[in-house]
Structures are given as structure tokens and as C-alpha cells.
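Please look over the sequence and the model shown here.

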Amino acid sequence: MATRDNPVRKLADSLQVLADTVNSDNPHIKVSDLVQFCRISYTAIFYFGITVKFPDLDPQTKVDHFLEASKKYDTIQDLVESEIKNGTARDKGSPCRTLARFRRVIDLAREVLEKILASGRVAAQSTEGNSQQYLRQNSFVETFAVAYEQVFVPYPGWTAGECFSLSVGLSKNIVLAALEELPPPDLLLKILNEDEDSLKEPIHKYINAAKVVLQYIDSVFLSTETGAEMLRTI
């Protein structure tokens, strides 16, 4: 198989960069590195032809917020501590608020990938049936639905919660509109120039890196009462 260069591997590699800085002698995450990770996330979404219809997952807004923050702050610790001290952390559109929400986007991807590994198969065999049945059995819709609820439901700011919760069984057009353009897994593997075994490598890399990054982001927020409250409520 030819050398692989695809958004799944780029996403895992970019998150690994963040994990490596956390695991260094001087644990930190640079805001500029977070911008790069957001940009790759944005590219990956549109590489697969997915229309972003869930505001919680919109990466472009987060790129803009973090890019502006990178002009003022070197690390996410600088960002969180400064905004909490200045009383702007909870303001709508603040990079601190965006970081708290983006933390859950990273967690969502981890949850989805862990469920895929636990299922034992990345791609299912094709079946006959209508488009909704095909999507339910041969795409990541059900996996995504369960993971999305687990990660976002507990929070008041879960903007697309009600409509997605009602559509786990693909009863709502919004889910089809958002996900029907994703290639079925067997075709997706061909597009990525991967097979089921080779794709497990970047999946494991993303999951392991995500655990390190999420733990560190949590530690930054939990170091103050305001930050801890933001993790619980935003």
C-alpha cells in the first residue's frame, strides 16, 4: 500500500503534537498549536463532504477565536488564567469559553473512535434496503449519535441537543442532511488508502493523545473555581 497521507492521520499527528508538549519537561499547550489542530479538524470535515449543521462542532468559529487569542497569549494556561482574572472568561465569544467547548469536540471524536474499535469492525458489509437503512447499518450515524449525546447532553449549552436526541433512529431530516454525504465505511477506507488494520494505528494514536490533552485542559480549568464551573456548565 502506498504511503498514506490523509486527514485521519493528519488529525492524529496534530493532536499528538499537543500531547507531546504536555508530556514534556515543561507541560503546556501553545494556543498557536491549537489553531493548527482546529484547522486540520476543519479540513477533515470538509474532506469527507460533510455539511456542518451542528453549531457545537463548527470548527471555523473556533479557528477564528483561537487565532485571535494566539496574538495575546502563548499557552492555553495563559489564556484561561488571564481571562478569568479579567472577568471575561464567560463572555460570549471569549476564547476561554471556546476552549471549554472545543474540549468536548476532542472528547466526542475520542468517544466515537473508541466505540468503533470496541465494535470490532471499522467497515460493515453492504446491505440491501432504503437509504435510511443503509445509513443506519453501514455508516457511523448510530455511533456518532450515541457519542454525541454522551458528550454534549449534560451541558446547558448543548445547542443541537433536542433535535439530535429525537433523531437517533434517523427520524429527523437534519441528521440525514448533516451525515448522508459521508461515504459508507468500505468506500471511505478506499478514499483514505487504508484498510481496517492500518486505520487502527491513527485511531489508537488519536485516542491516546486525546486522553493526555483532555486531562491537561481539565487541569488548567480545574485550577480555579471559575474554570471548574465553566467545565460543568458551558
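How many helices and how many strands does the secondary structure of the protein chain come to? The protein chain has 12 helices and 0 strands, where helices (H or I, at least four residues) and strands (E, at least two) are DSSP runs, numbered from the N terminus. Read from the N terminus on, the elements run α-α-α-α-α-α-α-α-α-α-α-α.

The model is predicted: local features need pLDDT of at least 70 and side-chain atom pairs count only at pLDDT 80 or more, while totals for chains, interfaces and linings use all residues. Residues are numbered from 1 along each chain as its sequence is written, and side-chain values use heavy atoms, with hydrogens and water left out.

Of the 234 residues of the protein chain, 47% count as buried. Buried means under 20% relative accessible area, exposed over 50%, and partly exposed in between (1.4 Å probe, protein chains only). Contact means heavy atoms within 4.5 Å. Among contacts between residues at least 6 apart in sequence, 74% join residues at least 24 apart.

Helix H4 covers residues 76-86, and its Ile76, Leu79, Val80, Glu83 and Ile84 are buried. Seen down the axis of H4, these buried residues fall within an arc of 115°, so they line one face of the helix. The arc is that of the directions from the helix axis to the C-beta atoms. An α-helix has 3.6 residues a turn, so residues three or four places apart point the same way. Lys85 and Asn86, on the other side of H4, are exposed. Just after H4 comes Gly87, with a positive phi of about 75°.

A positive phi also occurs at Asn193, about 60°, although Asn193 is not a glycine. Asn193 lies in the loop between helix H10 (185-192) and H11. Its relative accessibility is 28%, so Asn193 counts as partly exposed.

How do H11 and H12 pack, and at what angle do their axes cross? Two packed helices are described by the angle between their axes and the distance between the axes. The axes of H11 (residues 196-222) and H12 (residues 225-233) come within 6 Å and cross at roughly 125°. That makes H11 oblique to H12. Axes are lines fitted to C-alpha atoms, for helices over the stretch in contact, and angles run from 0 to 180 degrees between N-to-C directions. Angles under 35 degrees count as roughly parallel, over 145 as roughly antiparallel, 65 to 115 as roughly perpendicular and the rest as oblique.

In this contact, Asp218, Phe221 and Leu222 of H11 meet Gly227, Ala228, Met230 and Leu231 of H12. By class, the contact has 5 nonpolar, 1 polar and 1 charged residues. Ala, Val, Leu, Ile, Met, Phe, Trp, Tyr, Cys and Pro count as nonpolar, Asp, Glu, Lys and Arg as charged, and the others, Gly among them, as polar. Ala228 is buried, with a relative accessible area of 14%. Not counting residues up to four places away in sequence, Ala228 touches Phe221 and Leu222. The C-alpha atoms of Ala228 and Asp218, 10 residues apart along the chain, are separated by 8.2 Å.

Val105 is found in helix H5 (residues 95-119) and is buried at 17% relative accessible area. Its C-alpha atom is separated by 9.9 Å from that of Ser41, 64 residues away along the chain.

Cys38 is buried, with a relative accessible area of 0%, and Cys96 is buried, also with 0%. A search of the whole structure finds 0 disulfides, a disulfide being a pair of cysteine sulfur atoms within 2.5 Å.
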